Amino acid sequence: MSAHPDGSGPHGRHLIAVLALPGFPPFELGIPSRVFGQAVDEAGEPLYEVVVCTADGEPVPSDSGFTLQPAAGPEALAAADTVIVPPTHAMPELALGGPLPPAVAAAIAGIRPGTRLVSICSGSYVLAAAGLLDGRPATTHWNLAPEFRRAYPRVRVDEEVLFVDDGDVLTSAGVSAGVDLCLHLIRRDHGAAVTNRAARMCVVPPWRDGGQAQFIDRPVPEPTVATTTATRAWALERLGEPISLAELAGHARMSLRTFTRRFRDEVGMTPVQWLTAQRLEIARHLLESSDLPVDLVAHRSGFGTANSLRQHMRASIGVSPIAYRRTFQPAARA
């Protein structure tokens, strides 16, 4: 498959170039093709064209005993709308802040300005080594975060999240967090309905609670220690109602301090942050799929007032409810 100079696939679809580097892990390399390949419109037509390329068009070895024959070379990166960089296990110099191999540096330098850049797991090292994460928030696998900070001190690393969306540059945590980020991109491009269909076909949830904090290695709690799982399920059934921190702790039969600490350990965010995230998901779905007035959307999602919903949406995704609705329903009225 060849890339097209206008930045689209052969049928005018959004073109995604996946850069295969020497020592790539097959699972992470395959995530974009698998996930974006399930994104189709209502007529069943694919919405993305995914091409796997290498920096020089030559075959590259995986870390699993086989060699990949790419579909394209660096021209695919230059033509792409989105470039995705999976990890590599064959460039140890990047862990020390060393330079990219010349062919890789040249290929990345040829990416058009404005192209969306994405990394999966330690693919963030490649973007950082190219200077593309300087001054930006980013993430990588939690176990690599200390090393990453030492190698790239100009990057604002957050190892507790599954992915970071900084507009035109997005980074994900390890392995399956790449699936989360790809689904997030589909959601950003085409809304909840397309994303949900793609997630169902991949047999994965369209959105996962919490962040990497829940996976960081910690001592296993005693079997008698209670968790917040049941309380989260209870809260999800009542998101349209006011729910206080005291009510959450009371349901879990814990003190406020214990509940807050345990919740953050399990989910990777505070109870208030989690509640807000769940309510934003409901609000976004209603804005995308219904013509309910913004006041009613705010009420049903638990924000109470349209002003509160506006404030939270601007803080979270940078747009108002009306602007968000028009993205997915261009003919919608205020």
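Mentor: Leucine 15 stands opposite glutamate 49 in E2, and this belongs to the pairing of E1 with E2, which is parallel and runs over 6 bridges. Two strands count as paired if DSSP finds at least two bridges between them; strands (E, at least two residues) and helices (H or I, at least four) are DSSP runs, numbered from the N terminus. From E1 the chain crosses through H1 to E2, and this β-α-β crossover is right-handed: with the strands pointing away from the viewer, the path from the first strand over the helix to the second runs clockwise.

The model is predicted, with pLDDT of at least 70 needed for local features and 80 or more for side-chain atom pairs, while totals for chains, interfaces and linings use all residues. Residues are numbered from 1 along each chain as its sequence is written, and side-chain values use heavy atoms, without hydrogens and water.

Strand E1 (residues 14-19) also pairs with strand E5 (residues 82-85), in the parallel sense over 3 bridges. Here isoleucine 16 stands opposite threonine 82, and valine 18 faces isoleucine 84.

Helix H1 (residues 26-36) lies across E1, E2 and E5, and runs at about 165° to E2. Contact means heavy atoms within 4.5 Å, and angles, from 0 to 180 degrees, are taken between N-to-C directions of axes fitted to C-alpha atoms, for helices over the stretch in contact. E1 is mostly covered, with 5 of its 6 residues buried, that is, under 20% relative accessible area with a 1.4 Å probe, protein chains only.

Methods. Buried < 20%, exposed > 50% of the residue type's maximum accessible area, 1.4 Å probe, protein only.
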